[in-house]
Structure formats: C-alpha cells, structure tokens
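Visitor: I would like to go through this model by its helices and strands. Please show it first.

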Amino acid sequence: MKKDLLKMLDLSSEDIFEILNSADQMKYNLKHGIAHRVLEGKTLAMIFQKSSTRTRVSFETGMYQLGGQALFLTHNDLQIGRGEPIEDTARVLSRYANGIMIRTFAQEEVETLAKWSTIPVINGLTDFSHPCQILADLMTIREYHTALEGVKMAYIGDGNNMCNSLIVGALKCGMKMAVATPKGYEPHADILKFAKDHGGEFSLVNDPMEAAVSADVLVTDVWASMGQEDEAKKRMKDFAGFQINNAIMQQAHSKAIVLHCLPAHRGEEITAEVFEAHADVIFDEAENRLHAQKAVMARLMGAQQA
C-alpha cells in the first residue's frame, strides 16, 4: 500500500482485505475493552473544506482511541483559505503532524497535498472519491454476508463519488456490481474504464428495476451532493423513479440489505419505510466508519517514527 489513501484505485485487493481484517480486530478490541493505542503521541491534522458529522467525529474519536490526537482545521483556520499555495501548507503540516486528513471538493487538491507532503494523506471525501466510506461499506457487507466474493451490489442514483468508489471496491473484492443512473449522470469515465479493464461482473443501466434484480445489497446516496444545491430542483425531476422503495426491494433477494452513507433525504432517494426497515444495517455502516478509518490510520501512520 502507498503512503497515502487518495482514492479506491490506489488500493489493491490485498490492501482492502488487510484493512478490513484490521478494522474487524479493532472493532472487537473496542467492544471488549482491549487497548490498542498504536498511535500514542501522534497527531492527525484534519482539513475540512466540506463539513461533516460522521467524518469529523469518527476521525477525532478514532485518533483518541488509538492514543493520538486530532486537530480540526477549516479554511478559516488555515492560510490555505487566504491564498497560501497548498504545497506550502503540505510542507508546514508535515513538520508538525504525523498525518493529514482532508475533506474537500477537487480530487486534484488532495493529490497535490500528497505530492508535497512527507506524511500520509487520507482522503476524507472529494467530488471524485470517498474511500473511507467504501471501506466501511465493505466491512458492513462482510459482517452481514460473511464474505464479499460473489455478492451482488446494486447502486441506484447519481454516478457520484460514492458510486465511483463502490464500483472499484466491489470489483476488487470479487463482488458483482450493477449501477443504475439517469442518462447524463453516469460514473466518471476513468472508473468505467477501470471496470471494463478489470473484467469483473459489472453492468451500467438506466433502469433501476433491472439493476436491482437478485441484488444482495442495495445502495443509494443523496441526489444533490454538497455544492450542488443550485441543481437540486432539476435533479429531483431527472431522478424520478430512482428511489429505493418497496417496488425496488421486491426485485432484490428477500434478505437483501440496504446501505446509505448518510445524511439521508427520506422521500427522495429512499423512502422512510425502507430506511427504517434497514436502519440497523445503515447505522452499523455509520459506526464502521470509525473502525475502518482507525485501521487506515494505524496502517499509514503507525509505521512512522514518533
């Protein structure tokens, strides 16, 4: 595994399973009161240009449980918000901290930060990729299905960062992947090329009913991500019919689980009835962000000298 986690494409299948195994162990340790302070005395600098409940709380809590500390930094706290080049921010933080987590808009910004940083950089979310969430999703699916290989995932909605990352994660883990998006909202071209070159069982359609057939896992996300609020009304029209509801669920396996990375807009991408029927799984998924991210931080930052 590289020194950074910038996108799911950076991870090999072996990397993913090693992270998931470590996350499982850390979850077990936490539940049984077993100390695992493997980052004692280390600091994670967290840059937030997009706000988030789950990302902030899970990384801060995770670093505390691993024995370190996390610094919450917004664009108001950094000179990067006042025009300082990102390469200078990277070099400064590299002198103070042991790792950087950044949640922002452009993937290029994360890649540039990593290029100039001498400490690990973790992508907490960009418009292109959301690797930490997908690791938590895969962890959750494995908890409910025991294994990942051969499990069919159906993603229904916008071909956004979640969709991009799920395709890569699912195919690298031997899963079957079906994606249904409205025309014009397909996943990124680089991801579609990966899917084609990878040779796994993958389909991209414009009919959510078709994608959901025999699915073991159904996944959706908000139709308008942060920063797309001006497009929300148009998207509501374009995404009509792309809601996970009882009709969609009837196409899937009777014991299919539903995932949602949250926040959820009940009545839009998912009905309140389906959400509440699968709430236990969805909030297990949310909890697993903590464990998956701890595994990532321990793997990337634990190899450093204190």
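Visitor: How many of the 15 residues of α5 are buried?
Guide: This is a predicted model, in which local features need pLDDT of at least 70, side-chain atom pairs count only at pLDDT 80 or more, and totals for chains, interfaces and linings use all residues. Residues are numbered from 1 along each chain as its sequence is written, and side-chain values use heavy atoms, with hydrogens and water left out. Buried means under 20% relative accessible area, exposed over 50%, and partly exposed in between (1.4 Å probe, protein chains only). Helix α5 is largely enclosed by the rest of the structure, because the number of its 15 residues that are buried is 12.

Visitor: How far apart are the end C-alpha atoms of α5?
Guide: Helices (H or I, at least four residues) and strands (E, at least two) are DSSP runs, numbered from the N terminus. The expected span of a helix is 1.5 Å times one less than its number of residues. For the 15 residues of α5 this gives 21 Å, and the model agrees, as the end C-alpha atoms are apart by 21 Å.

Visitor: Which residue in β8 does alanine 154 stand opposite?
Guide: Strands β5 (residues 152–156) and β8 (residues 217–220) pair in the parallel sense over 3 bridges. In β8, the residue opposite alanine 154 is leucine 218.

Visitor: Why is β3 said to be largely enclosed by the rest of the structure?
Guide: Strand β3 spans residues 99–103. Both of its faces are covered, with Gly99, Met101 and Arg103 on one side and Ile100 and Ile102 on the other.

Visitor: Which residue in β4 stands opposite isoleucine 100?
Guide: On β1 (residues 43–48), which runs parallel to β3 and is joined to it by 5 bridges, isoleucine 47 stands opposite isoleucine 102. Strand β4 (residues 121–125) also runs parallel to β3, over 4 bridges. In β4, the residue opposite isoleucine 100 is valine 121.

Visitor: Which helices are included in what covers the buried residues of α1?
Guide: Helix α1 (residues 13–31) has 19 residues. Its buried residues include Ile16, Ile19, Leu20 and Ala23. An α-helix has 3.6 residues a turn, so residues three or four places apart point the same way. Included in the cover of the buried residues of α1 are α5, α6 (161–172) and α12 (279–301).

Visitor: How far apart in space are aspartate 280 and valine 92?
Guide: Aspartate 280 is found in helix α12 and is exposed, with a relative accessible area of 63%. In sequence, aspartate 280 and valine 92 are 188 residues apart, and in space, C-alpha to C-alpha, the distance is 42 Å.

Notes: Pairing = 2+ DSSP bridges. Contact = heavy atoms within 4.5 Å.
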